[in-house]
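Please keep the sequence and the coordinates at hand while reading.

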Amino acid sequence: MTDRRRVWVTGLGLLTAVGTGLPAFRAGLRAARSPVRRIDRFDPSAFRSQVAAQVDDFDPLDHMDARAARQLDRFSQFGLAAGRLALADAGLVPGEGGSADRERIGIYLGSALGGIAYAEAQHERYLERGIRAVAPNLALAVFGGAAPANLGIALDVRGPILSTANSCASGAVAIGEALQAIRGGEIDAAVAGGVEVPLSPLAFGAFDIIRALSSGSNDAPERAARPFDDHRDGFVMGEGAALLVLEAAEIADRRGAAPYAELLGYGATSDVHF
């Protein structure tokens, strides 16, 4: 095997129903608390499944100024917040202290549904009051590339910005693509991972109608998410963001970063068959 660049994970940015930020997330996991409960974002009574993992304590003003919060929908807000948390956790300031230059840092962000919840809300406004009632940022908010683009602008990094939409594998594919770019010498560091904000009636209902969602634990939501249980009856929809800082090992070592792990490989195939 030929020598190739090693890639380290040096930062974690987590925004989840379990907790925001690494300490809160770890505390929630260690307490074995399930964040799943009955949906109150909208009335779920029409659906078989009525539970989800909502992020209820997110205040965008904790992560960005008021102007940015007004301009961005929840999807892009989550991406921006998680990206900043990841960089802060890594102690990485682009172009400073031995870190990668701004032109050598990329953003790779995966999302299956992008800004669909925002688009649905705006569509309702359109039906009720016409096109002039629709938010002027709609066209720039709903596509999957909105969150990584806004994160790149906010961080002022100028490497490649890529969005991936590969259903449940979207975030993993984004991380894999960032790994390949660093290994290939195209960039020296990346913020990579996934963001999902799918809790709207239409998006939720689309999965409910095909019976993909757990519906047997509406009266005991904390038991709904059990992916490895023989009695699992579907998945639980949730919202959140998880972004990693990936760095070429020699760059991270130069600035004295302590890695969480080394990313060793990535593969993507379409060889499933029945």
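Helices H3 and H6 are oblique to each other, a term that covers what is left once angles under 35 degrees are called roughly parallel, over 145 roughly antiparallel and 65 to 115 roughly perpendicular. Their axes cross at roughly 45° and come within 8 Å, where axes are lines fitted to C-alpha atoms, for helices over the stretch in contact, and angles run from 0 to 180 degrees between N-to-C directions. The contact, meaning heavy atoms within 4.5 Å, is made by Phe-75, Ser-76, Gly-79, Leu-80, Gly-83, Arg-84 and Leu-87 on the H3 side and by Ala-146, Ala-147, Asn-150, Leu-151, Ala-154 and Leu-155 on the H6 side.

This is a predicted model, in which local features need pLDDT of at least 70 and side-chain atom pairs count only at pLDDT 80 or more, while totals for chains, interfaces and linings use all residues. Residues are numbered from 1 along each chain as its sequence is written, and side-chain values use heavy atoms, with hydrogens and water left out. Helices (H or I, at least four residues) and strands (E, at least two) are DSSP runs, numbered from the N terminus.

H3 itself has 17 residues and reaches 24 Å from its first C-alpha to its last, close to the 24 Å expected at 1.5 Å a residue, the expected span being 1.5 Å times one less than the number of residues. Twelve of the 17 residues of H3 are buried, so this helix is largely enclosed by the rest of the structure; here buried means under 20% relative accessible area, exposed over 50% and partly exposed in between (1.4 Å probe, protein chains only). Among the buried residues of H3 are Phe-75, Phe-78, Leu-80 and Ala-90.

Leu-87, which lies in H3 (residues 74-90), is buried with a relative accessible area of 10%. Beyond its neighbours within four places in sequence, Leu-87 is in contact with Leu-92, Leu-155, Val-191 and Val-245. Just after H3, Gly-91 takes a positive phi of about 65°.

Most residues other than glycine have a negative phi. Ala-32, however, has a positive phi near 55°; it sits in the loop between helix H1 (22-30) and strand E2 (37-38), and it is exposed, with a relative accessible area of 66%. Ser-167 likewise has a positive phi of about 55° without being a glycine, and its place is in the loop between strand E5 (161-164) and helix H7 (170-183).
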